[in-house]
Amino acid sequence: MPGASADNLPSESESKSIQVQMRGIVKRFGENLALNEVDFTVRAGEIHALLGENGAGKSTLMHILSGLLTSDSGEITLRGETASLVSPAAARKAGVAMVHQHFTLVPAFTVAENLALDIPASRLGIYSSFRAARPSFDRAEKLGWHLPASTPVSELPVGVQQRIEIIKALSTDAKVLIFDEPTAVLSGEEIKELFSVFRQLREEGCAVILIAHKLSEILAVADTVTVLRRGQGVASAPVSDVTAQTLAQWMVGENTLTSLSEKRFPDTRSRESSSEKSPALSVENVSLSGDRGETVLKSLSFAVSSSEIYGIGGVDGNGQTELAELLVGLRKTTKGSLLWKNGTFTPGHSPKIGYIPQDRRRVGLATSMSIEDNLLFDAVDEPGFRWKGLLKRKSLRQLAQVLIKKFDIRVQSSRLTTASLSGGNQQKIVVARVFRTQPELIVAMNPTRGLDIGATRFVHEQLLEARLRGAAIVLISTDLDELSFLSDKTAILSGGALTSYRSEDTSSTDLGLLLGGSREKASLRP
Amino acid sequence: MIALLAVTFLLLGVSPRVGLSALWVGAFGDADGHLYPLSETLVKTTPLLLTGLGVVVAWRGGMFSVGAEGQLIVGATAGAAVGLWGSHLPGFLITLLVLSAGAGAGAAWGYLAGWLRVRRNVQEVISTIMLNYIALSLLGALVEGPLQEKTHRVSQSNPLPNSALLPHLFPRTWTNEIQTRLHSGILIAVFAAFVVMIYLFYTAGGFKLRVVGQNPEAARAARYEVDALRLRAMLFSGALCGLAGATELLGITGRLYKDFSPGWGYTAIPVALLGGLHPLGTLLSALFFGALTAGTGHLSRFSNVSSVLVNVIQAVAVLAFVGIRAFRNRQSGGE
């Protein structure tokens, strides 16, 4: 592997046997070279993080190792023997199992039934999923998990679903376990537990491979890290030898972290005056009922000025989606009122609205339509792009090309579907669509979830730019660091009620209590 | 495809050479330049194309309507009722009235299913099937009741005035002096294909309709009027299918009767799907189905293949076509 401290690794840890060795792996998708001569080595009893931006080739490399894809050239050896991993079944037989980001469980089946799926049924007589899944439950107990055998999987929280997925992977005596961004769906406490499971698996001699892009997590749990950038191996090193800055630099190819933090402080300091401005958006005693008639928001009040980012944190499912949809005009209040600059709030006209919805795949994009079409959702309504009821296809196409360039959306062709893009580029489409119209009110919900450093920075810059331009911005995010980094004012939405806090003065314990909805216990200064 | 058809003929005990040539002659005419079979192909293409386009519009909007059959029937029924009521009017006026009544009634029938979906969350797949049965029963009741012919013996209506019927297209000299059944409805259908294409791909309404069809959640987040767009899709779809019924009435049958449609509206679904839910693709696939229907009709008349087995031949041809396309897609698509 070219670069950094890759070469001094083998001599250090000769004692640990090499589990996986991938050499000169090449994979092409059409004209796109996804992996270019990548080497990758994992030892028994180590937690190995595979780091890279979205689209760097991490998932592709691991799909090759787990038999989902086959490489165009290159060689894979497992425990010193050449392995041909032509299918997931072959890989599992060879002791490689993958825990996917999107779970492969059957939602309507019980836990026992899901665990029994992979186990061949005995040939005689009555089938019992409980009996078939017995060894898996024993394995779970060993990890300290008590799984509810007869509960349908769909009724369990994601954290528990992931445990089932892990047990499924372990049930085939896997020696190499691949986790594809396992923390993306988990809360703070669940992440900690997952990490302790990683350590336990390491003690048992497994090789744990962790596809990740959160630097803090890698530094916290991994032993070794390998960095990919645009389909090439950049470096591989023990985690003890690297810092967040080095990793970020390897990943993006420039000194990102410092430039990011340099950017943030001038912004933070210039904020103090904003509280004196007259509010642009006023939310007054607003209550809202959900789809099933339950109360979702309880007489909420807050105000956002122009050139201000109002950050709302909290755990998903506490009214965030409903609040966002209320602010962009997709829902109606049951009580209370919304005002825009002391006039009526007629979303779309006054103010002009930009909405970055929570889930880009499900809500933000029509993934089976072309990149071009997805960029034009609002443009088709504008008189400038219409001629006697017909669309000006040529100007629309030009607009799409301009947006692709301006927002640096990396595409092979604007006619491809957005499903073919990485998460970062998908989000850029949503962002491009929103910021093109120069909206006066922007509602952004978890705008950087699942994005790598480069794309995250891009979205943050766009938000800050819009703020500078005079937009009122409501940022709803579960990432408290992001909130305190971007926002002028911050508040936590929990159980449908809003509590404001100052990120500088609030201890993490208090924040935790706020998130959990216990406002009284948190010693907050108003 | 030809090989598969040949094997099927062998299995049915027919010489492949005879069978295939009968199919071809039935669809396109023989070496002597008889264009009559071609006219029959186009005759069958007309209702298939119009209903196929109806399916395209609804399905592109994410409304999985199987109601083309019912909409076609109410279109024909309303057309006949209006035409008979106004039979004293000048011919061209009756033609116009019948066509608009057909389209209007079909649109209303489609709107019903759309309304049930949007306001009452009744799945359109179910409601359109039910509406098909209602339309069929309604037709049966009318041709044995208020719309029955003078003598009250047969389950059919009085004929529409000749002056109202659609003009024939091929001059007799093209077809050895045989009068073809080909009528100007095919022009209406082809025109409709272009209208649908312009609507879907060159208007904001059509663009939004496609977004709604691909991802209604995204359309909602983009603050499109999802319900209104769905209703409009069902209106437009129903109008096309109703128009199919009216043109069939004015071009071929000239009167309403109990088994008015041999299932055009159901064949419309494979027609639209084979056409890739694209208006021009549907034009080609309607031609393909039209040729197949005309060809197999000829086959059952002039060879010893029974009319039931003719359906087998049709199905084999369609499956072969779909299979070939899937195979090509896999080869060129890669991933």
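How many helices and strands are there in chain A? Let us find out, and then walk through some of the parts one by one.

## Getting to know chain A

Chain A holds 19 helices and 22 strands. Keep in mind as you explore that this is a predicted model. Of the 526 residues in chain A, 42% are buried.

Take the contacts in chain A between residues at least 6 apart in sequence: 68% of them join residues at least 24 apart.

## A six-stranded mixed sheet

Now look for an open sheet of six strands in chain A, with the order β6-β7-β8-β3-β9-β10 and mixed pairing. The edges are taken by β6 (96-99) and β10 of chain A; each has a single partner strand, so one side of each has no neighbour in the sheet. On average, neighbouring strands here are turned by 20 degrees against each other, direction ignored.

Strand β3 (residues 47-51) of chain A runs parallel to β9(A), and four bridges join them; A:Ala49 has A:Val225 in β9(A) as its bridge partner. β3(A) also pairs in the parallel sense with strand β8 (residues 207-212) of chain A, over five bridges, and A:Leu50 sits opposite A:Ile211 in β8(A).

Is strand β9 (residues 224-229) of chain A mostly covered or mostly uncovered? It is mostly covered, with five of its six residues buried. β9(A) pairs with strand β10 (residues 232-238) of chain A in the antiparallel sense, over six bridges. Within this pairing, A:Thr224 is found opposite A:Pro238 in β10(A).

β9(A) and β10(A) form a hairpin, with two residues between them. Have a look at A:Arg230 in the turn, which has a positive phi of about 45 degrees. At another part of the sheet, helix α7 (residues 158-170) of chain A lies across β6 and β7 (176-180) of chain A, and runs at about 170 degrees to β6(A).

## A four-stranded antiparallel sheet

Chain A has another open sheet to trace, made of four strands in the order β12-β11-β14-β15, with antiparallel pairing. Its edge strands are β12 (295-305) and β15 (343-344) of chain A, each pairing on one side only.

Strand β14 (residues 335-340) of chain A pairs with β15(A) in the antiparallel sense over two bridges. There, A:Trp340 stands opposite A:Gly343 in β15(A).

## One buried residue: A:Ile76

Let us zoom in on a single residue. A:Ile76 belongs to strand β4 (residues 73-78) of chain A. Why is A:Ile76 called buried? Because 21 other C-beta atoms lie within 10 Å of it, and a residue counts as buried when that number is 20 or more.

Leaving aside residues up to four places away in sequence, A:Ile76 touches A:Met22, A:Leu65, A:Ala83 and A:Leu85. A:Ile64 is 12 residues from A:Ile76 in sequence, and the two are 9.5 Å apart in space, C-alpha to C-alpha.

## Two helices that cross in chain B

Moving to chain B, find helix α4 (residues 68-85) and helix α6 (residues 124-143) of chain B: their axes come within 8 Å and cross at roughly 30 degrees. That angle makes α4(B) roughly parallel to α6(B), because angles under 35 degrees count that way. The crossing of α4(B) past α6(B) is left-handed.

Residues in this contact include B:Ile73 and B:Val74 from α4(B), and B:Leu131 and B:Leu138 from α6(B). Sorted by class, the contact of α4(B) with α6(B) has nine nonpolar, four polar and one charged residues.

## Where the chains meet

The contact between the chains takes 23 residues from chain A and 16 residues from chain B. On the side of chain A that touches chain B, the elements giving two or more residues are α13 (360-364) and β18 (390-391) of chain A. The largest share, three residues, comes from α13(A). By class, this side of chain A has 12 nonpolar, six polar and five charged residues.

Helix α8 (residues 204-214) of chain B has nine of its 11 residues buried, so it is largely enclosed by the rest of the structure. Among those buried residues are B:Phe207, B:Leu209 and B:Val211. The buried residues of α8(B) pack against β18 of chain A, together with α3 (36-60), α7 (185-202), α9 (216-221) and α10 (226-253) of chain B.

Conventions: Residues numbered from 1 in each chain as written. Chains lettered and ligands numbered in written order. Predicted model: local features only at pLDDT ≥ 70, side-chain atom pairs only at ≥ 80, totals over all residues. Contact = placed C-beta atoms within 7 Å. Nonpolar A, V, L, I, M, F, W, Y, C, P; charged D, E, K, R; others polar. Buried ≥ 20, exposed ≤ 12 C-beta atoms within 10 Å, placed from the backbone. Axes fitted to C-alpha atoms, helices over the stretch in contact; angles between N-to-C directions. Parallel < 35°, antiparallel > 145°, perpendicular 65-115°, else oblique. Left-handed = near helix turned anticlockwise from the far one by under 90°. Pairing = 2+ DSSP bridges.
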